[in-house]
Structures are given as C-alpha cells and as structure tokens.
Amino acid sequence: MHPEIGVKSTDGACFGRNYFERPSAPEMEDEFADERANVLADALALKRAAMDYLHPEIGVKSTDGACFGRNYFSRYSAPEMEDVEEANEHAQILVDAKALKKSAVDYMHPEIGVKSTDGACFGRNYFTRFSASSAEVEPKKTNPVHDITGDLARLAAAVKGANLPSTKSAKLSSTDNNLGVTKKSASSVNLFGLSEEVM
C-alpha cells in the first residue's frame, strides 16, 4: 500500500504511437466528422450556458461586430422612407390612442366637467329661429260630421216597412182567455215570422 510509488512499465505498447493519428499520416475522411463537430459545438454552448447560470457575477462579454454596428435604415442620415398606407395607419393608431387616453381620463376623473367647443353645441334651429319667415300651413281637411239623426230616421223607416209580424206581449198573466194556446215564457225568442212558417 504505497501509492506514492508511481506505476512503472517498460512495455513497448505504452510508448507506442497511434498509426492513424501520427503527424505523417495521410488525412482520412471521416463520415461522422460533421456530426462530431455539431455535437462539440452544442456541448460548448451548453457549458457556456451552465457557466452563465452558475456565475451571474460574471457579466456578459461580447466582441461581436454586430453588437456595435448601426442600423443602416435607422441611422440619422437615412432618408425618410414611409409608405402612404403605413403613414395613414400610423396616423389612425395615434388618433385611436389619443381617444382612448381621453376616455380613460374622463372615467378616472369624473370631477372634470365635460368641455366642448363644437359649433353644433351652440347652434340654433334654422326653421324655429325668431327671424324665420312664417310658413303658411294649410289646415287639414276634416271629414264633415255625419248627421246621426238622419241615419237613425232612415233605419227606423226601413224597419217599419219590413212587414214584420206584430209582437204581442209574451208576459204570463192569469187573465189570459186563450186556454188552448200554450203560454210562452218571458225569456222565449221571437223569430219574427219564421216560427209561423215552420209550423
């Protein structure tokens, strides 16, 4: 049990060189070279992400030129480029945002009264103004009142000339002399001549 004594070996295989990896070996195309490079790149990215997570005190360092580059289209010397449709849509969005802001302020601050300077709020009606010329309105034609008494008189004459049989009193009385005739009830219906034809 002496680990301080190193391993000693005189075997020739320990000192041999790899035949395929020697400097003078011809380069051999490996079919997995691309996949191996991708795996190594992924492992390096995972290692970098793990280091960033475990050591937040180390800031982000970058020397990529794209980090310090300027946008060609948003530089100060770039000419203004905007389509008509985009300009109209941009203006409409700003108008909508302004209206929404006004609605929000009106809702959150009810103590602020409604202010309006629109001319329509103070306008007068053109037709009912005092200086308007008076327009002549034709009176509506009303139907003449019918002469109801005349209509009733014509109806009475038509009923009188209808040759209806005279109706005698149908009330029951103890003084009726016609004993052979059946007495009628006061609630009986007179058919004005139809009953005689049936019998």
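Q: How many aromatic pairs does the count come to?
A: In this predicted model, local features need pLDDT of at least 70 and side-chain atom pairs count only at pLDDT 80 or more, whereas totals for chains, interfaces and linings use all residues. Residues are numbered from 1 along each chain as its sequence is written, and side-chain values use heavy atoms, with hydrogens and water left out. Rings of Phe, Tyr and Trp (its six-membered ring) pair if their centres lie within 6.5 Å, with planes under 30 degrees apart called stacked, over 60 edge-to-face and the rest tilted. By this rule, the number of aromatic pairs is zero.

Q: The charged end of Arg22 sits over the ring of which residue?
A: For a charge to sit over a ring, NZ of Lys or CZ of Arg must be within 6 Å of the ring centre and within 35 degrees of the ring normal. Arg75 meets this over Tyr72, 4.1 Å from the ring centre. For Arg22, the distance is 4.0 Å, and the ring belongs to Tyr19.

Q: In what order do the elements of the chain run from the N terminus on?
A: Helices (H or I, at least four residues) and strands (E, at least two) are DSSP runs, numbered from the N terminus. The chain has five helices and zero strands. Its elements therefore carry helix symbols throughout, in the order α-α-α-α-α.

Q: In which helix is confidence highest?
A: The predictor's confidence in each residue is its pLDDT, from 0 to 100. The chain averages 77, and 77% of its residues score at least 70. Helix α5 (residues 194-198) has the lowest confidence, with a mean of 52. The highest, at 93, belongs to residues 84-108, helix α3.

Q: With which residue does Asp106 form a salt bridge?
A: A salt bridge needs a side-chain nitrogen of Lys or Arg within 4 Å of a carboxyl oxygen of Asp or Glu, and the structure holds one. The closest N and O atoms are 3.2 Å apart, and the partner is Lys102.

Q: Is Leu152 buried or exposed?
A: Leu152 lies in helix α4 (residues 148-160). Buried means under 20% relative accessible area, exposed over 50% and partly exposed in between (1.4 Å probe, protein chains only). At 54%, Leu152 is exposed.
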